[in-house]
Protein chains: 4
Amino acid sequence: MAQKVRIAVLGASGYTGADLVRLAITHPQVEIVALAANQKAGQTMADIWPHFAPYPNLPRLIRADAVDWSGVDAVFGCLPHAASAELLSTLKNTKIIDLSADFRLLDAEVYGEWYGVTHPAPHLLSQAVYGLTEMARPRLKDAQLVACPGCYPTAALLALLPLAEAGLIRPSNITINALSGVSGAGRGLKETNLFVEVSEAVAPYAVGRHRHMPEIEQELGRGFGAPVSISFTPHLIPMNRGELETITVELSPGRTAEDLRTAFATRYAGEPFVHLLPEGQAPATRMVRGSNHVVLNAFPDRIPGRAIVIVAIDNLVKGSSGQAIQNMNLMFGLPETMGLEAAALFP
Amino acid sequence: MAQKVRIAVLGASGYTGADLVRLAITHPQVEIVALAANQKAGQTMADIWPHFAPYPNLPRLIRADAVDWSGVDAVFGCLPHAASAELLSTLKNTKIIDLSADFRLLDAEVYGEWYGVTHPAPHLLSQAVYGLTEMARPRLKDAQLVACPGCYPTAALLALLPLAEAGLIRPSNITINALSGVSGAGRGLKETNLFVEVSEAVAPYAVGRHRHMPEIEQELGRGFGAPVSISFTPHLIPMNRGELETITVELSPGRTAEDLRTAFATRYAGEPFVHLLPEGQAPATRMVRGSNHVVLNAFPDRIPGRAIVIVAIDNLVKGSSGQAIQNMNLMFGLPETMGLEAAALFP
Amino acid sequence: MAQKVRIAVLGASGYTGADLVRLAITHPQVEIVALAANQKAGQTMADIWPHFAPYPNLPRLIRADAVDWSGVDAVFGCLPHAASAELLSTLKNTKIIDLSADFRLLDAEVYGEWYGVTHPAPHLLSQAVYGLTEMARPRLKDAQLVACPGCYPTAALLALLPLAEAGLIRPSNITINALSGVSGAGRGLKETNLFVEVSEAVAPYAVGRHRHMPEIEQELGRGFGAPVSISFTPHLIPMNRGELETITVELSPGRTAEDLRTAFATRYAGEPFVHLLPEGQAPATRMVRGSNHVVLNAFPDRIPGRAIVIVAIDNLVKGSSGQAIQNMNLMFGLPETMGLEAAALFP
Amino acid sequence: MAQKVRIAVLGASGYTGADLVRLAITHPQVEIVALAANQKAGQTMADIWPHFAPYPNLPRLIRADAVDWSGVDAVFGCLPHAASAELLSTLKNTKIIDLSADFRLLDAEVYGEWYGVTHPAPHLLSQAVYGLTEMARPRLKDAQLVACPGCYPTAALLALLPLAEAGLIRPSNITINALSGVSGAGRGLKETNLFVEVSEAVAPYAVGRHRHMPEIEQELGRGFGAPVSISFTPHLIPMNRGELETITVELSPGRTAEDLRTAFATRYAGEPFVHLLPEGQAPATRMVRGSNHVVLNAFPDRIPGRAIVIVAIDNLVKGSSGQAIQNMNLMFGLPETMGLEAAALFP
């Protein structure tokens, strides 16, 4: 058997980092050689993540600047934006799979506008491959730096790009309503993340100003071949993981929802993770919980000339750590599905 | 003190009926004289609703045809559509507050189309007052038959009617994304209502064909003074009660989201139950849980010329039983808020 | 109508304080004159509790030391232990209803042992009435200082005291397993209170060392007329409010579970809030959610000579703010149930 | 690579059967050759389990009597009690792993007493191996019929057997309080399983008469070498999966909770799935969700001479389908952990 890919995870103390470790544990061709979390350096993973109690052999947490990069083939950046770009920019022989927002936007100015900081490593932006795996395969093989998409953009772009590229929908009035499990908000100690505030409740947040909007617009603009402005309203709902987007689109003249279904069937035939549901069946997050799968479908809207596209993913897997591993597999010549075969955990 | 209103409840074995009884118990001017539920006749309320164990004096359940109407001032119809219209049509001195869909649509043919049955009492349709209380007050005073709006229409119309009537929005491309607690699906034994199927999950349902659509369109058409087609996608989310609608609208030329806020402030000034939130604060269902309150707000959309309107209610109170009691209060000359003063139950 | 009781609430920024305000809003004989919360002074209640948005006339939050006590008939202390005892000890004409642990334990040394601080006002301990309403009525009428029981002790003592006093159970091997909604843990920003950590999960906490143990033992010892040691294990379960205790007891020779039921029936006959369920029906928190009601029952254990007693309350109402209001009613000569008539909010 | 184990699943339409299929899908040495569910015969797995949409190649559901047993190496019985024993008793060359209660009790009369039916195949009882894997390894290798333990007994016996066998605890007054996710109640359409009834609520059920009691007593009696009566109270809590038991025990003279910890450390050293937590850390279901792991710990009780033992499992994995696969691995000479390596799914 080939040599394992030796990985380091920066930010192993967040939900994304933890889920990456969860997946890496059972990946047959991965060896975890370093886990970094500055605030928790010195502790074990089980100390901060009780569900890793059965895995006492995981490396102890260290500071990011204490990682010995000489033995690291790939690093997963699971830190908030602007926290690791500088460090990552110094690496020589380590491939970078970044899950933050740092390398997703092509334009450092747009980044600055939305994230409120000067980009820490703008010279790398042009090298970064936007890692929506199903769209990026040819470029992933030789990529040194992959920017994994945000969870909302992953779902939105898998649903919309094939339609935009095939000319089936118009760029106007694309309206995305997104519902996310609370893990998407991170492990930070905020009142709005407390169980009692979230449970038996629902609310939108960041109405009209969520940071995933420019990312969706950038990639969708490429698909349309022209700039596009979208409407996007995310909501936190009382569940741990999962993400569902209900998207209304304007059809190109003469097109129907059935044409969208046909486009999905064609585009995603043979895809191991993206699944068109039978006509009339609505995607649901329980179909993909804990897995790297994506389910989607299209429906006629009651307003003539429009359609409703619905897509569901697990925000931490396909929307984050799972897609990162999927990208790693391709970057290192491994089978794309390796370590990601698990079916959804239902119930 | 004046004589109490003697009420009967048809369908006391459903969530709507039970919530009506809950509210009636503490209403100082209501006396519950009959509770009907054909399938459960002979049982006590506590037998089928354990939370009524502390109220052993509630009338025992009887069959609907066993009610002695001579002593009933008002009847609340909490049955599924077409189940009670015939019976209700025979009543003489009892005012009818119907919570089913039977008397909401003006056109018996449209009713037949959407509900799949011939209307059981079409001659009553013209007498029925559509009981969206804040819009119907003048007509409620002398009404003999009030059709309480569906939960989704209640929220949608409170949000959209003032804007339509003031000419602030256009009738085109109104897109309603609705999130509802599971009590909205009723107490029926369906697999999709099981805890394990719903919990830690979300899915849309009845995409493009929910029965509340013609009702919203009918009333909204009145507001616009012209027919309107809407897009409406409801989702069940893992919570018991509560309903939130995120609505995108096209603004009339020159209008802004702030104009919508001003319209709400004007229209709902002094309303005891409808509350415009401060600029930028998103409505959330936890603000209204278990209460008759409504919270709403408007936001600029990223797509120019559009706005996002968000509204939250408790689907069983303002969306159903609470509004029914609010209507009863007006029909019998009682203070509109009587019995509905409770603040939201949070946490 | 008599003059209203003018109340102040210290600690209006916690769940207990907020629920007290919720109940006070609809209490016909209460006027809220001051709301204190040092960290939030200057803000409105709606600022920190969005569900109070419909109540703009609530007093603005002030610091506790800014309250003008001359116009306050009763103060509700909703602060953590040791935070307000000193201040409360200086009041002259204001009756004190304290919901903290400060005045529950008779012995300042035991207090020091369990709470890790020197008691701030030990001279008041002998004056305090332990406000388990159903057991304390005669002493509440003239009380100046009432110590409201903890939520766990409220449930445990209502279940056990009648049995102990009637000699039906033995003081040995009383084992209490308690399940609580997460609001019991407060609004503090702790990782263990985050939605994602709590949801779809359960765990015990403070095993063998929860601070409600000495309180239960003190009062139960009075009931038995002899010291008693109990076993008590609380668990947080994924719900907002509610508390259920499953208690195994050893029966006195010749006694049966049916004798326990008879004792409950006798002791609680006519009680407005404490309800014995029919034989064989298990108490459930959904029966009492949001209400001041208590439901209990007794069952034979499979181990001979033992029985299982089960009791359910709402931890924030009968277990906290509701019982405080119930006590206030008695202290001011009002009907005991005033403002507490609401039936449980189910669903 | 060796030939795969060809398996059939009877009862693939229940939660247990579905979770078995989920695990089998990724098991490298398993081939699913038949899936049976009489009521659903003719449908695909994706038809009844939307989370299997990505697995269109799963065999279509057939009737149990339509299975061609000649090509089946092992059958998993996931049906209710008494539903498949007769059929299973006719198999010749197929190893039986039964997850129902049919072969757990040694005594057909006790079975009849608790399950209310005459045992359908009493002659097989003596051949059945009680498949609590960690205790049954030597007998599993050559077993033809394995009776997988119930979920509650699995947790209880893993916690208590090592203590009983080592003489550290007494057989008297063993009190088990159990908390289970709702999947334990099955997919049957019962009102008590509806989301709205379960969510934001908790209740015990089958108080003093749950069918897992005789099973625990039988196996625990073996451990003690003498009959034992236990107290057992299960509760359904609002989560999908997971099970936690809080058990109070009487210590043998001179013994302490620390001795129990030592016994666990010794007995479970090297066990891949059973994990003693560090001193003072409470087991929680989130540590094991979706995995075959078990976490346990022991604590001093406040009542002298007693201890509290706490254990958590996933009711559908180690409590059911996972343990069944673990047993299959041993029965067919495969590595015990094969297909069960997944870490817990947290969040």
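This is a predicted model: local features need pLDDT of at least 70, side-chain atom pairs count only at pLDDT 80 or more; totals for chains, interfaces and linings use all residues.
Colleague: Where do B:Arg222 and B:Glu219 lie?

Modeller: Both belong to helix 8 of chain B, three residues apart, about one turn of the helix; helices here are DSSP runs of H or I with at least four residues, strands are runs of E with at least two, and both are numbered from the N terminus. Over all chains, the whole structure holds 72 salt bridges.

Colleague: What makes chain B and chain A partners in contact?

Modeller: Contact means heavy atoms within 4.5 Å, and 48 residues from chain B and 48 residues from chain A take part. The area buried between chain B and chain A is about 4,000 Å², with 58% given by carbon and sulfur atoms, where buried area is the accessible area (1.4 Å probe) that two parts lose on being put together, summed over both. In chain B, the residues losing the most area to chain A are B:Glu200, B:Val202 and B:Arg302, together 19% of what that side buries.

Colleague: How do you know that B:Arg302 forms a salt bridge with A:Glu217?

Modeller: The closest N and O atoms of B:Arg302 and A:Glu217 are 2.6 Å apart, and the count between chain B and chain A is four salt bridges. There are also 22 residue pairs in polar contact between these chains, both residues at pLDDT 80 or more; such a contact is a pair of N or O atoms within 3.5 Å, where within protein one must be able to donate a hydrogen and the other to accept it, and residues adjacent in sequence count only if both atoms are side-chain atoms.

Colleague: How many salt bridges join chain B and chain D?

Modeller: The count between chain B and chain D is four, and in one of them B:Glu197 meets D:Arg187 at 2.9 Å, N to O. The rule for polar contacts finds ten residue pairs across this interface, both at pLDDT 80 or more. Helix 7 (residues 195-198) of chain B gives the largest share of the side of chain B that touches chain D, four residues. This contact takes 19 residues from each of chain B and chain D, and the area buried is about 1,800 Å², of which carbon and sulfur atoms give 60%.

Colleague: What makes strand 3 and strand 6 of chain D edge strands?

Modeller: Seven strands of chain D form an open sheet in the order 3-2-1-4-5-7-6 with parallel pairing, and strand 3 (61-62) and strand 6 (129-130) each pair on one side only. In strand 3 of chain D, D:Leu61 is the bridge partner of D:Leu35.

Technical notes
Residues are numbered from 1 along each chain as its sequence is written. Chains are lettered from A and ligands numbered from 1 in the order in which they are written. Side-chain values use heavy atoms; hydrogens and water are left out. A salt bridge is a side-chain nitrogen of Lys or Arg within 4 Å of a carboxyl oxygen of Asp or Glu. Two strands pair if DSSP finds at least two bridges between them.
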